[in-house]
Amino acid sequence: MCGIYGYVGKNDAYQEVLKGLSRLQYRGYDSSGIAYFNDGFKIKKAIGTLDNLPQSVNCTPNIAFGHTRWATNGEVNIDNTHPHISYNKEFVLVHNGIIKNADIIKEDLIKKGISFYSHTDTEVIVNLLACLSGKIENRLEKLYKLLDGSFSLIIGYKSGDIYIMKKFSPLNILKADDGIYISSDVSSLKDGFLYSLNDNDLIMITKNDVIALANTKIDFKMHVNKIKEFSLGRFKNYMLKEIFETPKGIEKTYNYLQKQNVRKIFKHFNEFTLIGCGTAYHSCLIGEEYLIKIPKYKVKCCLASNYRVLKKIKRNHLHIIVSQSGETADCIKVAEQIKNFNGKILLITNEETSTMAQIADYKIITRAGKELAVASTKTYCAQVFVFIYISQLLLNKKFTINIKKFINDLEEYINKINVKSLVNKLKEKDKLILIGKDIDYALLLEASLKIREIDYIYTIPMYSGELKHGTLSLIDKDSVIISLNTSSDKSKLDVVKNEIKSRGGEVIAIDEMVDLSIISERFRPIFAIIPFQLMSYYIALKKGFNPDMPRNLAKSVTVE
Ligand code: F6R
């Protein structure tokens, strides 16, 4: 997870890197650091968000690179914060990814007398490099071979030259009028000529040039990216802003889908595996609910982290991977396995230029707009919308919807939601049970994730019929149970609600707090999740947490 960014050029490189890292901060904000060249590499580091780094340095460097960290190896402290420097001060580097054989290499280096100040695999890389002999180019080639795992690296040599390389982790270089930019994320780069590195590429960046080393062939392509400097407008946080952007995102997704030949993608397939992680997996579960009802098709749903392709993939089998970011390591790993077995992938993503978008055979882009808050909200709704759209096409039905009315209804509905009393009631709770049936259970898995991830409340989503098989033991007069019933059968949960009430528990039915009857059952999941999103948002505020930057989380989970 983490983001790396570098700059060499005529501008103040420290400022350029600060700006670049701020666009990558959604990838992690445990700590950050910048190395800048001023008669040798100097390093600034800070715990927490970028605001804690010095906002300027007492020189105007032309070379700098930095890192924003989501801790995977070693706790959050200054020593573990990147950039890392070699024991002999020859190299400084920043790293994205995970080195699997770091412990073995470290043991070996310790035997040679090298001591370590951090618990990171990155310090192992920089010291290994310092211990290799030969010309720099050869040392870097050896390093590439010795490291097992995934990495993208920006390496500063004591002379001020910079080297970059990568394996299974994205890295890009951009030539612009004012200098050379390096970033782990294309969307953070401005206009210019872009090259996305391949594994095994080795590139040197000097004050004046970009030099392809070893067998690297650089093929710069025009890249136009109006970097959007996002603003909160009238909202206090991005999460709230993004919940309110749901209708616009769905409208744009609908307009996009209308222009695609989605039916054609499905022509040769009648078996689907839906794959994702976290919220994206939950949208797959909703997708499964829709697709499973269509007689001609076989559907199953799998967590990317738990899916392995072990045998030949049949020609009629389509893997549908859902990933908001298109960068999630667990999904990339599955995608690579599917490609190794010549399988076909349809990717549903919000990021058109993501790593997975390059791997997939077919793409459907949700046009929800950039999602900056860590908790997915509007992209989840857009993903569910895509599944509803696909299911209609597979039913051989035209997707008929009065989109303007739909959007107006959704906007009005969101504006009317009032979760105040619920929030006041729930903010003191340290555990919650959510109950529902059928598709509602899939929705509650997502609702529960939102409450866990930003409110830090233990929340158990339960299939309502399962409560009596053990979990009723948890119910007493202090229990608040939240129920959801999006079906038109109003009595669906009556029995279980009575079971709870007779043990003194209180049941709050979300479907009684909002009016789901304004929309047909088919679209209700999109409407029904929103009170939960708002509820988790306001509980976080009440508890004094930042909903946009929950603890121990980052927007793209680029480690397995
Ligand atoms: C939850 C959340 C995570 C992501 C998960 C998958 O709000 O954001 O659970 O949904 O890490 O991420 P993507 O969709 O980018 O593959």
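## Close-up views of the model

**View 1. D209 in its loop.** D209 sits in the loop that runs between strands β12 (202–205) and β13 (210–213), where helices (H or I, at least four residues) and strands (E, at least two) are DSSP runs numbered from the N terminus. The structure is a predicted model, in which local features require pLDDT of at least 70 and side-chain atom pairs count only at pLDDT 80 or more, while totals for chains, interfaces and linings use all residues. Residues are numbered from 1 along each chain as its sequence is written, and side-chain values use heavy atoms, with hydrogens and water left out. With a relative accessible area of 40%, D209 is partly exposed; buried means under 20%, exposed over 50%, and partly exposed in between, with a 1.4 Å probe and protein chains only. Although D209 and L232 are 23 residues apart in sequence, their C-alpha atoms are 39 Å apart in space.

**View 2. The surroundings of the ligand.** The ligand is surrounded by 15 residues, of which S323, Q324, S325, T328 and E453 are the closest; a residue counts as near if one of its heavy atoms lies within 4 Å of the molecule. These shell residues comprise six nonpolar, seven polar and two charged ones, where Ala, Val, Leu, Ile, Met, Phe, Trp, Tyr, Cys and Pro count as nonpolar, Asp, Glu, Lys and Arg as charged, and the others, Gly among them, as polar. Domain 2 (232–413) and domain 3 (417–548) each supply at least three residues to this shell, the domain bounds coming from an automatic or database domain assignment.

**View 3. Polar atoms around the ligand.** An N or O atom in the side chain of T328 is 2.5 Å from an oxygen atom of the ligand, and a polar backbone atom of V374 is 3.1 Å from an oxygen atom of the ligand. For E453, a polar side-chain atom lies 2.4 Å from an oxygen atom of the ligand. The ligand exposes 410 Å² when taken alone, and the protein buries 92% of that, with accessible areas from the Shrake-Rupley method and a 1.4 Å probe. Helices α8 (278–291) and α14 (438–455) are the elements that give two or more residues to the shell.

View 4. Most residues other than glycine have a negative phi, and most peptide bonds are trans. H82 and P83 are joined by a cis peptide bond with omega about 0°, and P83 is placed in the loop between β4 (63–69) and β5 (84–85). D39, which is not a glycine, has a positive phi of about 60°; D39 belongs to the loop between β2 (31–37) and β3 (41–47) and, at 74% relative accessibility, counts as exposed. A214, also not a glycine, has a positive phi of about 50°, lies in the loop between β13 and β14 (221–223), and is partly exposed, with a relative accessible area of 33%.

View 5. K398 is located in the loop between α11 (378–394) and α12 (403–416) and counts as exposed at 68% relative accessibility. The C-alpha atoms of K398 and L143 are separated by 56 Å, the two residues being 255 residues apart along the chain. E506 is part of strand β23 (residues 506–509) and counts as partly exposed at 32% relative accessibility. Between E506 and D51, which are 455 residues apart along the chain, the C-alpha separation is 44 Å.

Definitions and conventions. A polar contact is a pair of N or O atoms within 3.5 Å; within protein, one must be able to donate a hydrogen and the other to accept it, and residues adjacent in sequence count only if both atoms are side-chain atoms.
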